[in-house]
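Me: I would like to learn how to read a few local features of a protein model, taking them one at a time. Could you take me through them with the structure in view?

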Amino acid sequence: MALNKSMHARNRYKDKPPDFAYLAAKYPEFQQHVQTTLTGRVSLNFKDPEAVRALTCTLLKEDFGLTIDIPVERLIPTVPLRLNYIHWVEDLIGHQDGDKQVLRRGIDIGTGASCIYPLLGATLNGWYFLATEVDDMCFNYAKKNVEQNNLSDLIKVVKVPQKTLLMDALKEESEIVYDFCMCNPPFFANQLEAKGVNSRNPRRPPPSSVNTGGITEIMAEGGELEFVKRIIHDSLQLKKRLRWYSCMLGKKCSLAPLKEELRIQGVPKVTHTEFCQGRTMRWALAWSFYDDVQVPSPPSKRRKLEKPRKPITFMVLASTVKELSVKAAAMGWDAVEAIAVVRAWVEKILTDLKVQHKRVPCGKDEVSLFVTAIENSWIHLRRKKREKVRQLQELPRASEGILQAMEEEKTSKKSESNNLDCENPKTEDSEMGFMAPDEDVHLTTGDELMEESAAKEEHSEHVKEEETKAKQGETLLGKGSSDAKEEPCPSEEASNLTVEKERSPKETSRCFLFKCLMNVKKEGNDVLVEMHWVEGQNRDLMNQLCTYVRNQILRLVAS
């Protein structure tokens with residue numbers, strides 16, 4: 001039963017579906033319809049109306065003490081679905097388990113041969129029902145079922161003319177205020193629709209159970225949409241004669257236009273729900289003109305809970321942990337335990353990547369980090385470094401002619417300075433102090449660029465400092481792609497840095513690629529690192545970061 005987990009919380013069949021083997025052993029009339037496979041599994045043919053009727057009668061007898069008769073040529077109700085509806089009405093009217101002494105009154109529009117809603121409501125909650133029916137056969141069976149269960153004092157079955165809904169049924173009882181009405185309307189507008197022609201998605205599998213029911217039970221002019229609209233129009237005249245009006249729907253597409261109709265008519269209180277059972281779904285709509293009623297919340301749009309995703313993991317072997325401990329001691333870290341060592345190296349790697357992280361409370365033998373990735377700084381890192389080195393090497397230099405002219409000007413200024421103060425000759429440093437500011441800056445910048453280019457080619461520590469400065473100029477969100485980006489000019493870099501400094505912490509916190517929880521814990525002699533997805537743009541980014549961290553740890557040991 002695929003949808004049973006989404007049944008009403010109080011439905012007795014939610015966690016305990018009917019035991020066909022037990023029921024077959026106890027009720028011979030049910031046993032003749034069950035089949036036992038070679039593996040011993042007991043099943044029922046839901047395409048057989050006799051088998052469906054036997055199951056309904058058996059469940060009502062076993063679980064509710066009700067004995068009923070249903071003709072095969074009329075609608076055979078399924079018990080779990082009807083029980084879902086009863087429990088939802090309990091939610092609407094605020095019924096509690098101890099409320100049997102408070103008389104609640106309800107109306108069942110088109111009660112059917114089984115009279116199942118009044119029988120369940122009266123048996124479970126002591127509700128009084130006015131049950132209406134237009135079909136002669138259904139009316140006779142309904143009266144018989146009420147009488148043989150000794151519930152005539154709580155259930156009144158009345159025969160009404162065709163197309164009668166609420167107005168005519170309440171003519172004789174003008175002083176009574178009912179708590180609710182229920183209705184299982186005819187779903188289809190014609191025979192073709194009843195057979196699924198042009199009304200059922202061809203990709204859906206065929207129904208798993210037989211469709212029984214008389215003409216008046218399954219078909220009406222305009223189908224369920226027009227039928228419920230007629231109830232809405234009756235309610236607009238009756239208004240507070242009923243505290244809650246409700247109807248069950250067989251098609252989800254009927255829900256939106258009916259809610260829109262209620263909105264147009266200015267109905268103040270409207271809600272809906274879903275009935276899930278076996279492989280069948282139904283919907284229900286309720287509305288009220290009372291301001292003091294409590295409106296149950298409609299079901300969540302995401303009815304099915306997401307399956308918990310497995311974390312992304314990698315293992316740090318004991319031998320690797322030992323090597324990491326040696327390197328940690330060489331760096332002066334006080335990490336001793338295996339978990340602390342791995343955690344320290346992971347934190348260093350994340351810090352180098354400028355990935356935000358902070359420690360959070362966790363279990364006894366583990367360490368947890370809450371990680372927030374602002375920019376993608378781990379993809380094609382080596383390629384980005386090579387690209388920046390190349391761009392620095394290709395920065396434009398002054399031509400030979402300009403350099404020679406500058407040198408001659410420098411020499412002339414030097415001679416002029418010596419002539420002015422020949423008694424106190426200047427050193428080279430003091431000569432530099434007499435240069436024009438622009439010339440001093442230009443020469444110094446040219447010298448630095450040449451030194452930086454040479455240093456880049458040798459992969460010195462100065463390269464790393466320059467790369468760090470270049471990275472600070474990147475915007476927080478614009479560097480997520482794996483392709484090499486065009487290097488901004490120094491003026492743009494400076495402006496970008498200024499903007500980033502002025503950006504508020506709240507703005508920065510809203511701009512992130514993903515957030516995850518990283519757990520480091522012992523697994524025997526080894527250490528297991530887990531990354532649990534929290535939220536973000538793309539889960540693949542977390543996978544990439546996990547791979548990068550693992551590879552960096554392996555490179556540490558290899559080096």
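Me: How many residues does helix H11 have, and what distance does it reach from its first C-alpha to its last?

Reply: A word on the source comes before the case: this is a predicted model, in which local features need pLDDT of at least 70 and side-chain atom pairs count only at pLDDT 80 or more, while totals for chains, interfaces and linings use all residues. Residues are numbered from 1 along each chain as its sequence is written, and side-chain values use heavy atoms, with hydrogens and water left out. Helices (H or I, at least four residues) and strands (E, at least two) are DSSP runs, numbered from the N terminus. Helix H11, residues 318-330, has 13 residues and reaches 19 Å, close to the 18 Å expected at 1.5 Å a residue, where the expected span is 1.5 Å times one less than the number of residues.

Me: Which residues of H11 are buried, and which exposed residues does the face turned away from them carry?

Reply: An α-helix has 3.6 residues a turn, so residues three or four places apart point the same way. In H11 the buried residues (under 20% relative accessible area, with exposed over 50% and partly exposed in between, for a 1.4 Å probe and protein chains only) are Thr320, Val321, Leu324 and Ala328. Seen down the axis of H11, they fall within an arc of 95°, taken from the directions from the helix axis to the C-beta atoms, so they line one face of the helix. The face turned away from that buried side carries the exposed residues Ser319, Lys322, Val326, Ala329 and Ala330.

Me: What do the buried residues of H11 pack against?

Reply: With contact meaning heavy atoms within 4.5 Å, they pack against strand S10 (312-316), helix H12 (338-352), strand S14 (526-536) and helix H20 (539-558).

Me: Where does lysine 354 lie, and what is its phi near?

Reply: Most residues other than glycine have a negative phi, and most peptide bonds are trans. Lysine 354, in the loop between H12 and strand S11 (356-360), has a phi near 60°, a positive value in a residue other than glycine, and with a relative accessible area of 37% it is partly exposed.

Me: Which other lysine can I read in this way, with a phi near 45°?

Reply: That is lysine 239, whose phi is positive although the residue is other than glycine; lysine 239 is found in the loop between helix H9 (223-238) and strand S7 (242-249), and at 40% relative accessibility it counts as partly exposed.
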